[in-house]
Amino acid sequence: MPHIFDADVVSAILRHMNGDHRDDNLLITRAFTEADGREITDAMMTGLDGDGGVWEVTGDSGISELRIAWPSGPITERAAVRREVVALYDLACARLGVEPRPHA
């Protein structure tokens, strides 16, 4: 059973990801979507737990849900969410051949 974060923690993370990191959401989902030829045009993070994040992706074939496991494995601490999202971003950049921006 994955760790379930408090609703206020999840809400704050989703607000941050969808408000400040919309381009990162798109990059991550494009990199981790199976190569089925569809183009993802929008992505919004809709949930997360200790095992991974969940995004709603919109593309030329409609809307679907994409779950991506945290690169380092299951987590239980709020601070670990940032580390894992940054790791997903870095992996996405590597997969797509994009130069990652420096992390603050």
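The mean pLDDT of the protein chain is 94, and 97% of its residues reach 70 or more; the structure described here is a predicted model. Within the protein chain, confidence is lowest in S3, at a mean of 95, and highest in H1, at 98.

The pairing of S1 with S2 is antiparallel and runs over 8 bridges, and a hairpin of 2 residues joins S1 to S2. Across this pairing, Met 44 has Glu 56 in S2 as its bridge partner.

## The nonpolar core

The largest nonpolar core has 28 residues, and those with the most contacts inside it are Ile 28, Leu 48, Trp 70 and Val 81. At least two residues of this core come from each of helix H1 (7-20), helix H2 (22-32), strand S1 (40-49), strand S2 (52-59), strand S3 (62-69) and helix H3 (78-96). H3 supplies the largest share of the core, 7 residues. Leaving aside residues up to four places away in sequence, Leu 48 touches Phe 5, Val 10, Ile 13, Leu 14, Gly 53, Trp 70 and Val 81.

Helix H2 has 8 of its 11 residues buried, so it is largely enclosed by the rest of the structure. The buried residues of H2 are Asp 24, Asn 25, Leu 26, Leu 27, Ile 28, Thr 29, Ala 31 and Phe 32, and what covers them includes H1, S1, S2, S3 and H3.

## A buried loop residue

Ile 75 lies in the loop between S3 and H3, and it counts as buried because its relative accessibility is 5%, where buried means under 20%. Ile 75 is 24 residues from Asp 51 in sequence, while the two are 6.6 Å apart in space, C-alpha to C-alpha. Residues up to four places away in sequence not being counted, Ile 75 touches His 3, Phe 5, Gly 50, Trp 70, Ala 80, Val 81, Arg 83 and Glu 84.

## Salt bridges

The count of salt bridges comes to 5, and the table gives some of them.

| Salt bridge | N to O distance |
|---|---|
| Asp 42 and Arg 22 | 2.9 Å |
| Arg 101 and Asp 24 | 2.5 Å |
| Glu 84 and Arg 83 | 2.9 Å |

The salt bridge between Asp 42 and Arg 22 links distant parts of the chain, with Asp 42 in strand S1 and Arg 22 in helix H2, 20 residues apart. Asp 42 is partly exposed, at a relative accessible area of 33%, and Arg 22 is partly exposed as well, at 34%.

The salt bridge between Arg 101 and Asp 24 also links distant parts of the chain, with Arg 101 in the segment after H3 and Asp 24 in helix H2, 77 residues apart. Here Arg 101 is partly exposed, with a relative accessible area of 39%, whereas Asp 24 counts as buried at 10%. In the remaining pair of the table, Glu 84 is buried, with a relative accessible area of 0%, whereas Arg 83 is partly exposed, at 46%.

Technical notes. Residues are numbered from 1 along each chain as its sequence is written. This is a predicted model: local features need pLDDT of at least 70, side-chain atom pairs count only at pLDDT 80 or more; totals for chains, interfaces and linings use all residues. Side-chain values use heavy atoms; hydrogens and water are left out. A nonpolar core is a set of buried Ala, Val, Leu, Ile, Met, Phe, Trp, Tyr and Cys residues joined through side-chain atoms within 4.5 Å. Buried means under 20% relative accessible area, exposed over 50%, partly exposed in between (1.4 Å probe, protein chains only). Helices (H or I, at least four residues) and strands (E, at least two) are DSSP runs, numbered from the N terminus. Contact means heavy atoms within 4.5 Å. Two strands pair if DSSP finds at least two bridges between them. pLDDT is the predictor's confidence in each residue, from 0 to 100. A salt bridge is a side-chain nitrogen of Lys or Arg within 4 Å of a carboxyl oxygen of Asp or Glu.
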